[in-house]
Amino acid sequence: MMPHPDDVRARFMELWKDGSLERYTKVTLQEALLGLLIASAIGIVLGYLLARIRWLSYLTMPYLIFTQAIPIIAIAPII
């Protein structure tokens, strides 16, 4: 059951007025950016290692290709 749009708007205005919406948005953006930075750093290091170390590339490439075939919607709850 979905709430009525007026209820959603009223709750939004309530959170906006007491400042908690801004606080929660700030925390969410910080966590998202931190996750992006960590994932980017891991990806760059892993990409460099896979490009430089041939046996590591041969060992891990089938698994990396397999993970690309799985829809992100299926992986999201696991992550």
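**Helices, packing and surface of a predicted model**

Trainee: Against which helices do the buried residues of H2 pack?

Mentor: The structure shown is a predicted model. In helix H2, the buried residues are Ser20, Leu21 and Leu50. The partners against which the buried residues of H2 pack are helix H1 (5-18) and helix H3 (54-69).

Trainee: What confidence does the protein chain average, and which element has the highest mean pLDDT?

Mentor: Over the protein chain the average pLDDT is 92, and 100% of the residues score at least 70. Among the elements, helix H4 (residues 72-75) has the lowest mean pLDDT, 82. The highest mean, 95, belongs to H2.

Trainee: How many residues does helix H2 have, and what distance does it reach from its first C-alpha to its last?

Mentor: Helix H2 covers residues 20-52, which gives 33 residues. At 1.5 Å a residue, a span of 48 Å is expected. The distance from the first C-alpha of H2 to its last is close to that expectation, at 48 Å.

Trainee: What span should helix H1 have, and how far apart are its end C-alpha atoms?

Mentor: Helix H1 has 14 residues, so at 1.5 Å a residue it should span 20 Å. The end C-alpha atoms of H1 agree with this, being apart by 20 Å.

Trainee: Which residue just after H1 takes a positive phi?

Mentor: Helix H1 covers residues 5-18. Just after H1, a positive phi of about 85° is taken by Gly19.

Trainee: Which side chains meet in a salt bridge, and how many helical turns separate them?

Mentor: A search of the whole structure finds one salt bridge. Its partners are Glu14 and Arg11, at 2.7 Å from N to O. Glu14 is partly exposed at 44% relative accessible area, and Arg11 is likewise partly exposed at 43%. Because Glu14 and Arg11 are three residues apart in helix H1, their separation is about one helical turn.

Trainee: Is Arg9 buried or exposed?

Mentor: Arg9 is found in helix H1. Its C-alpha atom is 22 Å from that of Val27, 18 residues apart in sequence. Exposed means over 50% relative accessible area. Arg9 has 51%, so it counts as exposed.

Trainee: What distance separates the C-alpha atoms of Glu14 and Ile44?

Mentor: Glu14 is found in helix H1. Along the chain, Glu14 and Ile44 are 30 residues apart.

Trainee: Which residues form a nonpolar patch on the surface, and from which helix does the largest share come?

Mentor: The patch is formed by Leu46, Met61, Leu64 and Ile65, with about 300 Å² of accessible area together. Three residues make up its largest share, and these come from H3.

Trainee: What relative accessible area does Met61 have?

Mentor: Met61 has its place in helix H3 and is a member of the nonpolar patch. Met61 is partly exposed, and its relative accessible area is 32%.

Trainee: Is Ser57 buried or exposed?

Mentor: The place of Ser57 is in helix H3. Buried means under 20% relative accessible area. With 15% relative accessibility, Ser57 therefore counts as buried.

Trainee: How far is Ser57 from Met1, C-alpha to C-alpha?

Mentor: Ser57 and Met1 lie 56 residues apart along the chain. The separation of their C-alpha atoms is 49 Å.

Methods: Residues are numbered from 1 along each chain as its sequence is written. This is a predicted model: local features need pLDDT of at least 70, side-chain atom pairs count only at pLDDT 80 or more; totals for chains, interfaces and linings use all residues. Side-chain values use heavy atoms; hydrogens and water are left out. Helices (H or I, at least four residues) and strands (E, at least two) are DSSP runs, numbered from the N terminus. The expected span of a helix is 1.5 Å times one less than its number of residues. Buried means under 20% relative accessible area, exposed over 50%, partly exposed in between (1.4 Å probe, protein chains only). Contact means heavy atoms within 4.5 Å. Patches are made of residues with over 30% relative accessible area and no salt bridge: like charges are joined within 9 Å, nonpolar side chains (Val, Leu, Ile, Met, Phe, Trp, Tyr) within 5 Å. Accessible areas come from the Shrake-Rupley method with a 1.4 Å probe; for residues, only the protein chains shown count as cover. A salt bridge is a side-chain nitrogen of Lys or Arg within 4 Å of a carboxyl oxygen of Asp or Glu. pLDDT is the predictor's confidence in each residue, from 0 to 100.
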